[in-house]
Amino acid sequence: MERRTNRRLRVLVILFVIIFFVVYGSGFLKLGSGEFSPTNTPTKTPTEVPTKISTETPTEVEVPEDFTDDTTEVKPKNLIPGLTKVVAERARKFGNILSPICKPKEDVGEKDVVEIYQDADWNMDWDEKNFAEICRPYSYARFNMGKLFKNRKTVECENNTISSQKGIICNWYPMCIWPREEDKHVSATIKDGKFWKEKWTREMVDALENYDVLGRQAMFVDIGAGLGQDSFIAAALGYPVVSVEPLADAVDMFKRTLSFSNFMSRVLIFQNALGDHIRDASVNFRSDDRSLSTLLPYQDEEEEDEEEEDHHDKRHRGGVVVKQVELDDLLPAIIQQYPTADVAFMKADLGGSEPRLFRGAAQFLSYYEPSMIHIELQGKEMEVMECSSVVSIKSFQKLGYKVLYENNEGKLVSLDAKTTTPWVQKEVNMDTKRALILKKDKKRR
């Protein structure tokens, strides 16, 4: 009986072994051949991977605070060495938010940042020279700053050869400008003893004077500086200035203005056009309105007569080629020149290409987070630059800025997420430019 039982057990064991090899034997053979070795383990197809992320591209992407996906193509293209981890992460986030503002453009050519250094001839003794000689072959004006600063803040006068007294309000400085017939708006306004866009100049002065961040000095960044009116005022007040202007003639005039008043050390000048990609850019302007230059294609419907067109120097009618870079490309030089400065006010006046400036400024904006930015938008210009007014404004709202526009009564009115789109459709898409102020509470970096 016992033998019979043992025989049955052996039969069951043999059957179990046979069944086991039939079911699992092929897998063991493949394992031994290396087909399923750890280095050759097959991955699941994307459809088999469980995920909560939609494969559809959203119209507006909310970027999480801890975004660190190195495989995502965003601006900035190359992080500047030396940025802290916090600033670098913030730059990637800003790049994601700013990228949809405009249609992307590819870099063309090599990057060339043109930083203007102090020339040897700046050390000449201007005391013995006539103002007209200083500005020749251009024109000059008596730039009256006493009207702007009276009862507000004293301006240093020890470097002004007009007055040797210290601690008083300097009533005026000489300023190099275009002849009135070549610049009927900006130069003509200054020649008449006024300020170009005085309201925004006063906003700039207020922002600099009221800046209060421990351990930091207020700085003014002037993008599209032109003749340098606002840059000069900020320098006269004693603040560090970054001045960016693409036209060589305007930079030359501004250098002469600074050299007479001995404010060169307070202003860092770059002769570049700014955008969101590298290229040789054509700066265009009218022969009678030289300060109002633009990167938009040149159009002059008033000068259709060929003889009239031949009368003007073609260089004055556009086509002045300059090096365009991104604002981020200037950041290392700015930090080196002003290591303890912070942007209290930033003016961006590029004649319609402001959105592309900001697409190339993610690192600059993340590093400084300017307290106040002044820009102007106009719908047709945005279309030509292949940018969106609505997305531009909403992008700054996502970056934490309070967006205000100037209404018809001259008052600043706040825009929120609900009112932005209808306001843009009604106002910005018209022919008239609309001024915007972007405000942000300064945070310690």
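Two strands count as paired if DSSP finds at least two bridges between them, and the legends below use the word in this sense for a predicted model.

View 1. Nine strands make up an open sheet with mixed pairing, and their order is β1-β6-β5-β4-β11-β12-β15-β13-β14. Strands β1 (115-116) and β14 (412-415) are the edges of this sheet, since each of them pairs on one side only.

**View 2. Strands β11 and β12, with a helix packed on the sheet.** Strand β11 (residues 341-348) pairs with strand β12 (residues 372-377) in the parallel sense over two bridges, and K347 stands opposite H374 in β12. Helix α14 (residues 389-398) packs on the sheet, where it touches β12, β13 (402-406), β14 and β15 (434-439), and its direction makes about 140° with that of β13.

**View 3. The disulfide between C102 and C387.** A disulfide is a covalent bond between the sulfur atoms of two cysteines. The sulfur atoms of C102 and C387 are 2.0 Å apart, and the torsion about their S-S bond is about 105°, so this disulfide is right-handed. The bond links distant parts of the chain, 285 residues apart, because C102 lies in the loop between α2 (85-98) and β1 while C387 lies in the loop between α13 (379-384) and α14. C102 is buried, with a relative accessible area of 5%, and C387 also counts as buried, at 12%.

**View 4. The disulfide between C135 and C176.** Here the sulfur atoms of C135 and C176 are 2.1 Å apart, and the torsion of about -85° about their S-S bond makes the disulfide left-handed. C135 lies in helix α3 (residues 131-135) and C176 in strand β3 (residues 172-177), so the pair ties together parts that are 41 residues apart in sequence.

Definitions and conventions: Residues are numbered from 1 along each chain as its sequence is written. This is a predicted model: local features need pLDDT of at least 70, side-chain atom pairs count only at pLDDT 80 or more; totals for chains, interfaces and linings use all residues. Side-chain values use heavy atoms; hydrogens and water are left out. Helices (H or I, at least four residues) and strands (E, at least two) are DSSP runs, numbered from the N terminus. Contact means heavy atoms within 4.5 Å. Axes are lines fitted to C-alpha atoms, for helices over the stretch in contact, and angles run from 0 to 180 degrees between N-to-C directions. A disulfide is a pair of cysteine sulfur atoms within 2.5 Å. Buried means under 20% relative accessible area, exposed over 50%, partly exposed in between (1.4 Å probe, protein chains only).
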